[in-house]
Amino acid sequence: MPKKKSPKWYVVWHGHEPGVYDTWADCLLQVKGFPEAKYKSFSSKQAAELAYQDGPYLHWGKDAKKDSKSGREAWGDDVILNSICADAACNGSPGTMEYQIVFTDSGEKIYSSPKYRQATNNVGEFLGLVHALGLIKNGKVQADAIYTDSRTAMAWIRKKKCNSKLVATNLNKPVFDLIARAEQWLKTNTVSIPILKWDTKTWGEIPADYGRK
């Protein structure tokens, strides 16, 4: 008599209705047709529920952490939980770029940008940080800090200048328009919230990471 398979539990972080499901059929309903869905199976309900609380960045993708610690355990007391983080992704240099902003603790997405042509990852990181600063300044988001894994973007914020060597073309005009707006915002607003470097080596990928590495 064939051995009965162990039951699996499925976590859907990004899908039609995120949550924990006990059948593949239910999981599939939540991820089918959903852009950039993030989901994974686990061997127990407890493991699935902990992973759901962590968010996808510790478990989903080839660079996911291999331990069973939750996000807070992995970060210890070093990460400011009441914070937001920004990250960018680009498929070339230059290439198609996008950036997103999420709550650090939960991984919940706050903003996801359109895709911009002929841009760079550093430009996306810079724009994401300025966007995050604007959200806090306008009272749309409450946070005690902003995290980024880009030292370059942090330096550009301090200088209030995007020092990219990107060449302007007709295709990336929207990007340069955004850069100009971001620089003007920095010149006319005071940055009072700390922008902190995310310690990728110690904490794993930043929660806003796209998981495409």
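Helix 4 is a mostly covered element, with 13 of its 17 residues buried. Please keep in mind that this is a predicted model. The largest nonpolar core holds 34 residues, and helix 4 gives it its largest share, 9 residues. The whole structure also has 2 salt bridges and 0 disulfides.

- Helix 4 runs over residues 121–137 and spans 24 Å from first to last C-alpha, close to the 24 Å expected at 1.5 Å a residue.
- Just after helix 4 comes Gly139, which takes a positive phi of about 75°.
- At least two core residues come from each of strand 4 (84–90), strand 5, strand 7 (116–119), helix 4, helix 5 (151–159) and helix 6 (173–188).

**Salt bridges**

- Lys161 pairs with Glu183 in a salt bridge, and their closest N and O atoms are 3.9 Å apart.
- This pair links distant parts of the chain, 22 residues apart: Lys161 sits in the loop between helix 5 and helix 6, and Glu183 in helix 6.
- Lys161 counts as partly exposed because its relative accessibility is 40%, while Glu183 is buried at 11%.
- The other pair to look at is Lys173 with Asp177, whose side chains form a salt bridge at 3.0 Å, N to O.
- Both Lys173 and Asp177 belong to helix 6 and lie 4 residues apart, about one turn of the helix.
- In an α-helix there are 3.6 residues a turn, so residues three or four places apart point the same way.
- Lys173 is partly exposed, with a relative accessible area of 48%, and Asp177 is also partly exposed, at 37%.

**Cysteines**

- Cys27 is buried, with 0% relative accessible area.
- Cys85 likewise counts as buried, at 0% relative accessibility.

**Surface patch**

- Trp24, Leu28 and Tyr39 make a nonpolar surface patch of about 270 Å².
- Leu28, a member of that patch, is placed in helix 1 (residues 24–31).
- With 35% relative accessibility, Leu28 counts as partly exposed.

**A buried glutamate**

- Glu98 is found in strand 5 (residues 95–103).
- Its relative accessible area is 7%, so Glu98 is buried.
- The C-alpha atoms of Glu98 and Ala88 are separated by 5.7 Å, although the two residues are 10 apart along the chain.

Note on methods: Residues numbered from 1 in each chain as written. Predicted model: local features only at pLDDT ≥ 70, side-chain atom pairs only at ≥ 80, totals over all residues. Heavy atoms only, no water. Expected span 1.5 Å × (residues − 1). Buried < 20%, exposed > 50% of the residue type's maximum accessible area, 1.4 Å probe, protein only. Disulfide = S-S within 2.5 Å. Patch = residues over 30% accessible without salt bridge, like charges linked within 9 Å, V, L, I, M, F, W, Y side chains within 5 Å. Areas by Shrake-Rupley, 256 points an atom, 1.4 Å probe, with all protein chains shown as cover. Salt bridge = Lys/Arg side-chain N within 4 Å of Asp/Glu carboxyl O. Core = buried A, V, L, I, M, F, W, Y, C linked by side-chain atoms within 4.5 Å.
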